[in-house]
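Hi,

Here is the structure I promised to pass along.

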Amino acid sequence: MSSEKIREVGEGSSSSGGVINTIAPPLNNHHQSSSLLAPTPASTPQLSRYESQKRRDWNTFGQYLKNQRPPVSLPQCNYNHVLDFLRYLDQFGKTKVHLHGCLFFGQPEPPGPCTCPLRQAWGSLDALIGRLRAAYEENGGLQETNPFASGAIRVYLREVRDSQAKARGIPYKKKKKKKRPNLQIKASNNNDGATSANFQLQSTT
């Protein structure tokens with residue numbers, strides 16, 4: 001895939017409120033940063049909160065790739081770059097994850113402070129990957145080569161989820177799927193010999 005097919009983006013960062021907090025390094029090119037900060041036209045429709053957050057996340061990831069040595073273009077990006085990006089974000093985390101050997105390991109409400117590190121919460125990382133997976137394809141990437149949809153990313157997120165649940169003493173509860181109504185048709189004969197259909201809705205288990 002050529003670099004023209006995937007639109008590369010510049011500076012950006014995520015905001016607070018249940019989402020990833022990052023601090024993207026400033027761009028070196030003054031002209032490019034000025035163009036990115038230019039006011040948007042009044043005719044541009046206001047984005048939803050989700051779309052705005054997705055754009056900031058996409059910009060942050062693009063800036064992260066550009067800051068690598070050597071810089072990595074989006075067509076060259078693979079799941080290893082995504083994994084490195086998720087680990088990089090841990091320095092901005094606000095969730096205390098107790099280490100093995102800590103007196104508070106496995107306690108949901110520790111009675112005192114400890115020196116265990118802060119990490120990005122699993123739920124925040126999971127939501128971030130969902131937004132970036134969508135943004136990749138919206139910016140010209142192919143679904144077949146989407147690094148955010150890689151099985152290695154799913155394995156990593158599952159490991160983070162399980163380890164944080166054990167360390168914090170908060171078991172992960174999988175959401176139950178809602179029961180879907182199942183339409184069943186029962187045929188019955190009328191007195192005049194005609195057949196009628198009775199429709200019944202039953203919930204599937």
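**Cysteines**

The structure holds 0 disulfides, a disulfide being a pair of cysteine sulfur atoms within 2.5 Å. Cys116 is in no disulfide, and its nearest cysteine sulfur, on Cys102, sits 3.6 Å away. Cys116 is buried, at 9% relative accessible area, and Cys77 is buried too, at 8%. For the terms here: buried is under 20% relative accessible area, exposed is over 50%, and partly exposed is in between (1.4 Å probe, protein chains only).

**Before you read on**

This is a predicted model, so to speak of local features I need pLDDT of at least 70, and side-chain atom pairs count only at pLDDT 80 or more, while totals for chains, interfaces and linings use all residues. Residues are numbered from 1 along each chain as its sequence is written, and side-chain values use heavy atoms, with hydrogens and water left out.

pLDDT is the predictor's confidence in each residue, from 0 to 100. The chain has a mean pLDDT of 76, and 62% of its residues reach 70 or more. Two stretches to treat with care: over residues 23–40 pLDDT stays under 50, and the model has 17 contacts there beyond four places in sequence. Over residues 195–205 pLDDT also stays under 50, with 32 such contacts. Contact means heavy atoms within 4.5 Å.

**Salt bridges**

I count a salt bridge when a side-chain nitrogen of Lys or Arg is within 4 Å of a carboxyl oxygen of Asp or Glu. By that rule there are 6 salt bridges. Helices (H or I, at least four residues) and strands (E, at least two) are DSSP runs, numbered from the N terminus.

Lys54 pairs with Glu138, with the closest N and O atoms 2.6 Å apart. This pair links distant parts of the chain: Lys54 is in helix H2 (residues 49–66) and Glu138 in helix H4 (residues 122–138), 84 residues apart. Lys54 is buried at 5% relative accessibility, whereas Glu138 is partly exposed at 48%.

Which residue does Asp57 bridge to? Its partner is Arg131, with the closest N and O atoms 2.5 Å apart. Asp57 lies in helix H2 and Arg131 in helix H4, so this bridge ties together parts that are 74 residues apart in sequence. Both Asp57 and Arg131 are buried.

Arg119 and Asp90 also meet in a salt bridge, at 4.0 Å from N to O. Arg119 is in strand S2 (residues 118–119) and Asp90 in the loop between helix H3 (79–89) and strand S1 (95–96), so the pair joins parts 29 residues apart in sequence. Arg119 is partly exposed at 32%, while Asp90 is buried at 16%. Finally, salt bridges that share partners connect Glu51, Lys54 and Glu138 into one network.

**The nonpolar core**

A nonpolar core here is a set of buried Ala, Val, Leu, Ile, Met, Phe, Trp, Tyr and Cys residues joined through side-chain atoms within 4.5 Å. The largest one has 24 residues, and Phe61 and Phe148 have the most contacts inside it. H2, H3, H4 and helix H5 (151–168) each supply at least two of its residues, and H4 gives the most, with 6.

Cheers
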